[in-house]
Amino acid sequence: MRISKNNSSVGTKMNFFIDHELIFLGTGGGRVHSSTQHRKTGGIIYVFNSKQVHIDPGPGAIVYLNKMKIDRFKTKWVIVTHNHTDHQNDVPIIVESMHKSLSIPIGTLISTQDYILSLNVYYRNLLTEIIPFMAGKSVQLDTHTLLQATKVDHGSTEGFGLIFYQQDPAGLSKSYQIGFTSDTEIYNEFGETYKNLDILVANVLRPSNKVCRHHACVDELIPALKDAKPKVCVLTHFGALFDSPDSTEDLIGDQVKYMQKSIGGATKIIAAEDGMHLYLKDLMNV
Ligand SMILES: [Zn+2]
Ligand SMILES: [Zn+2]
């Protein structure tokens, strides 16, 4: 195990973009969905260039990874954006599951300093590399993929959002940028931070104007998206006020329509669903 500031490895020039996809092992956020799994909380698998990163493997991640028959040995990076249960609960078993043999360290953990220090040293020693991350830092994941950490405002919790810069080796035509807001309230520079991305995956905990401190609700996200203008915004990390195990109501469809109407045609709004595969070339119509 090595803790370092930089990481680089050799990528592939073949099949760039063909396998790029997002797989949602969960679209629920917060205590109620974590406890009930009414919406799953396994995080997001982002596949690119025959490898994958597991972002925020919360409760149930290992169960849904197996149920969806995702190749656990393809996971090269585990990213934990902050030290909350719905983002990190399954990290130990995900790290173990990446190994065919425990005698050889494998994989990289990218997370906040406080989460890294909280992880049992047994799991830390299973990893090839551990990268402490915070807003403003970046790391080259492979030849064509640069990862940058963005600011979050999640109360006193240490955390970061993400932007992946994917560089098409054959030219700029298929290069793209995808961001993940993680849990954050909308801060002043939010629009500037995620300006003109191709895809933004936005955590939205509550519908309409139901404000929750240190998180984003729909009415707060709308002006932020008008400012940032991503081509596509994928909503996820829905809290129990969207659809709860105690209610037959599901507000997500209506909230997407409301957001789309408010924002206009500049940004396409999509709600993620548990188990959904999003093929990025389809999403961007290339
Ligand atoms: Zn959360
Ligand atoms: Zn959180």
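In the hairpin formed by strand 3 and strand 4, with two residues between the strands, N49 adopts a positive phi near 50 degrees. This is a predicted model, in which local features need pLDDT of at least 70, side-chain atom pairs count only at pLDDT 80 or more, and totals for chains, interfaces and linings use all residues. Residues are numbered from 1 along each chain as its sequence is written, while chains are lettered from A and ligands numbered from 1 in the order in which they are written. Helices (H or I, at least four residues) and strands (E, at least two) are DSSP runs numbered from the N terminus, and two strands pair if DSSP finds at least two bridges between them.

**Strand 4 and its neighbours**

- Strand 3 (residues 41-48) runs antiparallel to strand 4 and is joined to it by five bridges.
- Within this pairing, H54 of strand 4 stands opposite I45.
- With strand 5 (residues 75-80), strand 4 pairs in the parallel sense over four bridges, and W77 of strand 5 stands opposite V53.
- From strand 4 the chain crosses through helix 2 (residues 61-67) to strand 5 in a right-handed β-α-β crossover (with the strands pointing away from the viewer, the path from the first strand over the helix to the second runs clockwise).
- Strand 4 (residues 51-55) is largely enclosed by the rest of the structure because four of its five residues are buried (20 or more other C-beta atoms within 10 Å of the residue's own, with C-beta atoms placed from the backbone).

- Strand 8 (residues 138-142) pairs with strand 9 (residues 145-150) in the antiparallel sense over four bridges, and a hairpin joins them through two residues.
- L147 of strand 9 stands opposite V139.
- Strand 9 also runs antiparallel to strand 10 (residues 161-166), with six bridges joining them; L162 in strand 10 is the bridge partner of A149.

How values were computed. Buried ≥ 20, exposed ≤ 12 C-beta atoms within 10 Å, placed from the backbone.
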